[in-house]
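Morning, everyone. I'd like to take you through one model, starting with its charged pairs and ending with its core.

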Amino acid sequence: MAKPLLLSLALTTLQLHVFVTNGFSASTVQKRSGRNSFLQKHEQPHSYKRTPKHNILSPDELHNLAISLSKRKPGSNGFNRGWIQYRTAALDSIRYHLYTNLPHPAEKANFEELFFNLGVAADRGVMPCFANAGARSGYAVEFFCRAKNLADLFADTFNSHYEFPEYWLEGLRDSPILGSSDGGAYSVVSLGGGPGFDYVSSAVATSFCSY
């Protein structure tokens with residue numbers, strides 16, 4: 001599969017996985033998103049020197065960036081710096097295109113209510129309601145930063161500063177995620193659910209490590 005197409009599929013998968021649950025929440029309490037919030041930056045771009053629109057790349061531009069930055073020896077300082085640069089650009093770009101192409105626009109107030117309810121869900125013993133489409137869209141773009149965590153875990157397999165169990169190293173080094181594959185199908189299972197962050201993490205790591 002061509003790498004620009006792989007990154008485009010990451011966006012499509014996220015759109016399809018903005019999930020739905022049943023029920024209605026009676027709470028109107030909100031948890032404020034703060035200045036680092038993606039939605040906040042979109043609502044008040046004049047308050048920031050840099051907004052989510054900065055440095056947004058197309059799939060072809062990301063493809064070329066991956067080629068130019070991944071030629072260093074895996075595990076070297078140059079490779080690790082290149083990975084961080086590429087991962088940041090890729091996730092920022094996918095997140096922005098996701099935000100502008102969601103079937104339901106993200107609604108900051110409804111997301112903040114959902115955000116608050118998620119914070120007290122353990123105390124109540126009841127999962128919060130995800131019925132509001134604007135809140136789900138807000139959840140998908142606001143927590144998109146979680147895709148970075150798994151992507152970094154994949155790439156850190158090459159990093160000598162971290163220690164992993166041998167079975168983890170063997171499994172990943174022989175996988176298409178780190179570029180050691182014959183191109184066959186590879187399945188990723190997410191036990192936590194959510195709007196497809198795991199697929200995006202895998203696609204970004206694969207796109208960088210396959211050259």
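Start with arginine 87 and aspartate 152: their side chains meet in a salt bridge, 3.0 Å from N to O. By salt bridge I mean a side-chain nitrogen of Lys or Arg within 4 Å of a carboxyl oxygen of Asp or Glu. Helices here are DSSP runs of H or I, at least four residues, numbered from the N terminus.

A word on the source. This is a predicted model, so local features need pLDDT of at least 70, side-chain atom pairs count only at pLDDT 80 or more, and totals for chains, interfaces and linings use all residues. Residues are numbered from 1 along each chain as its sequence is written, and side-chain values use heavy atoms, with hydrogens and water left out.

Are arginine 87 and aspartate 152 buried or exposed? Both are buried. The cut-offs: buried is under 20% relative accessible area, exposed is over 50%, and partly exposed lies in between, with a 1.4 Å probe and protein chains only. For aspartate 152 the value is 14%.

Aspartate 152 has another partner. Lysine 148 forms a salt bridge with aspartate 152, closest N and O atoms 3.9 Å apart. Both sit in helix α8, four residues apart, about one turn. Lysine 148 is partly exposed, at 31%.

How many salt bridges does the rule give? Three. Lysine 108 and glutamate 112 make one of them, at 2.8 Å between the closest N and O atoms. They are four residues apart in helix α5, so about one helical turn separates them. Lysine 108 is buried at 13%, and glutamate 112 is buried at 2%.

Now the core. A nonpolar core is a set of buried Ala, Val, Leu, Ile, Met, Phe, Trp, Tyr and Cys residues joined through side-chain atoms within 4.5 Å. The largest one has 37 residues. Those with the most contacts inside it include Trp83, Tyr86, Val141 and Phe208. Helices supplying at least two residues each include α3 (59-69), α5 (108-119) and α10 (197-209). The largest share, eight residues, comes from α4.

Last, helix α3. Its buried residues are Leu62, Leu65, Ala66 and Leu69. Seen down the axis, they fall within an arc of 100°, so they line one face of α3. That arc is taken over the directions from the helix axis to the C-beta atoms.
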